[in-house]
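Please read the points below with the model open beside you, and check each one by eye as you go.

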Amino acid sequence: MPFFVNSALPYMDYPGSLHNILVELMNSTRYSHKIYFALRIILVGFLFVLVIRKNQSDQQKIVIIILSLLAVFLFRLPNTVLPEQNLDESFMIAGAGVMVNDPFVFKSFDGTTIGPIQYYVLATAYWLLGSINYTSIRIIGLLLSIIPGIFFTYKAIRFLYNYETAKLVLFGYTLCMAGITFFEFVGYSSEVLPHLVISIEMLCLSAIMSGRQFVYAGILCFMAGLMPYAKLQGVPIAGVIVIFLGIELYRQLTFRRFFVLVSLGLLPTILAGIYLYLADLFPDFYASYLLFNLSYSNSSGGLRWSLPWQMLFGNADMPNVASDLIPFFLFTFFSISFLGARLLLSKIAFVSKRRVIYVFILLGIAWFSVIKSGQGFQHYLFFFFAPLFWGLGIILGENRQIVSSNLYKYGFYIPFLLFFLLQLLNKNKGIEYAYRPLERPDPIALLIRKLAQPSDQISIWGHGNLAHIYCHTGLLPGTRDVFASRQINPSTLQPYFIRRYMDDIRRNRPRFILEDTHYKDYQTKFNSIDSSFISAYRVHSILDGVKVYVRE
């Protein structure tokens, strides 16, 4: 156990003390819905009155920023108490718990398609918020990524244009993020940290475009170098921003400056390479992260260019409609498209057209990043948020008469406000959850908690639908894979993953193994891989088609 870990404090705690405090607070009065409704009306109304005023003082500008960021936190806080919203949450909670206990990624834990630094970031919930659970990782996402991302986007536009333009973007972005209740964005997802990386990159690019210090270019390159270890899916977005930086700096780049930027961009990879070499983990990194991500991104055949629209409006594969996101997304997207095309066809200076081209290319690359894997996970739309609102700021900033005209200005403020107000009559899901009768505990988790000691581990021969068992029991995985989809499903990498799984079982000897017996014909069954270690286990129970093995 690491010296900085409190042995009396579990790594993962369900539902967690912070969750219980919030639920008790909401349950302390039967008027929580009305209080929440009034809070939204008062705070957003006050914010709207402030932003439409002219000739604001510096103090009022600071108040607008603070109120905007506070609104996002307060309006989203009740929904942090909701149970698992997507299986990635349970997966990442288990990974973060392992990082607290044994912080050697690829040796003690494998994040599959999710970059390794995500688990170190989420592990901070253990020290900052008392334990790692659904509530704490969502608050970490809000405080360390979503809210800073909004501020950085505002600051990026402020670097380039006047306060009126930046304020309008801040208002729209705030109401969009504050009002989201769609489950894929309520839950923490692996796109939250890349959102921060992209936001910082765009801030630094804007600083360079406005003629500020060269240090911003170095920060941009370093952040771009981090992206492969946050989410490989975001690399095209991070990379194209670096290209924009090169275009902006090509006349100023000396060999020394070029060397500095390249070194900073490669620094995360150099550090990762040193770690992998010293820990002898290059083969695991290559097979389980690089090759698997490549296989995953090519698993669905050709590109489905209409996929983002299907994610928004739903289809047979994705029946849930992202109704609270649709108006913000469509209004911002088509505003950029129409006004941007108008700029490109006008006789404005080339430097202005270049910025508009940047916006269109960035949104095109974001679209590509969303569809590349071919998977319909709606939380992939997170890749659009920062580029969309940064792009809106660029387009409005170049259409200077829009911000200076009350007609056009209210043409943006009023729609953003209306989109937010449309959701006011919907009851908050988190408050509804707090008011519910106590839920029945998961039968598998209940059984394991009765049998387990705090130091016991679990291994799952099944899929992500069982990942919540780690969170509900507080027990860490006994294998590097939280679940065994890569071992069960045939692929060219399957022999490697099965061999590694068996090595982990023999080394860690987890107390429990869960086998999901709902196999499809082509899938590999647990009893077919190697019977030598199974003899040390007995089947204690079969619950909902899941065999619970307990080590003798």
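Predicted model: local features only at pLDDT ≥ 70, side-chain atom pairs only at ≥ 80, totals over all residues.

1. Residues are numbered from 1 along each chain as its sequence is written, and side-chain values use heavy atoms, with hydrogens and water left out.

2. Begin with the largest pocket, whose volume is about 1100 Å³. A pocket, on a 1 Å grid over the protein atoms alone, is an open set of points with protein on both sides within 12 Å along at least five of seven lines, and its lining residues have an atom within 4 Å of a point; grid points are joined across faces, edges and corners, and a volume is the space filled by probe spheres set on the points. The lining has 40 residues, of which T112, T113, F292, Y296 and F377 are the closest to the centre of the pocket.

3. Which elements give two or more residues to this lining? They are α4 (87-101), α13 (282-297), α16 (350-371) and α23 (485-488), and α13 gives the most, with 7 residues. Helices here are DSSP runs (H or I, at least four residues), numbered from the N terminus. At least three lining residues of the largest pocket come from each of domain 1 (17-431) and domain 2 (443-551), with domain bounds taken from an automatic or database domain assignment.

4. The lining of the largest pocket divides into 16 nonpolar, 19 polar and 5 charged residues. In this count Ala, Val, Leu, Ile, Met, Phe, Trp, Tyr, Cys and Pro are nonpolar, Asp, Glu, Lys and Arg are charged, and the others, Gly among them, are polar.

5. A search of the whole structure also finds 5 cavities of 30 Å³ or more, a cavity being a set of points where a 1.4 Å probe fits but cannot get out. The largest cavity holds about 110 Å³ of space, and of its 14 lining residues R76, R138, L142, F185 and V186 are the closest to its centre. By type, the lining of the largest cavity has 8 nonpolar, 4 polar and 2 charged residues.

6. How does α6 pack against helix α9 (residues 192-209), and at what angle do their axes cross? The two axes come within 8 Å and cross at roughly 20°, where axes are lines fitted to C-alpha atoms, for helices over the stretch in contact, and angles run from 0 to 180 degrees between N-to-C directions. That makes α6 roughly parallel to α9, a label for angles under 35 degrees, whereas those over 145 count as roughly antiparallel.

7. Helix α2 (residues 32-52) and helix α3 (residues 58-76) pack at about 155° with their axes 10 Å apart, and are therefore roughly antiparallel to each other. For helix α10 (residues 215-226) and α12 the angle is about 30°, with axes 7 Å apart, so α10 and α12 are roughly parallel to each other.

8. Two backbone details deserve a check. The peptide bond from Y14 to P15 is cis, with omega near -5°, and P15 is found in the segment before α1 (17-27). D280, although not a glycine, has a positive phi of about 55°, and D280 lies in the loop between α12 (255-278) and α13.

Key
Parallel < 35°, antiparallel > 145°, perpendicular 65-115°, else oblique.
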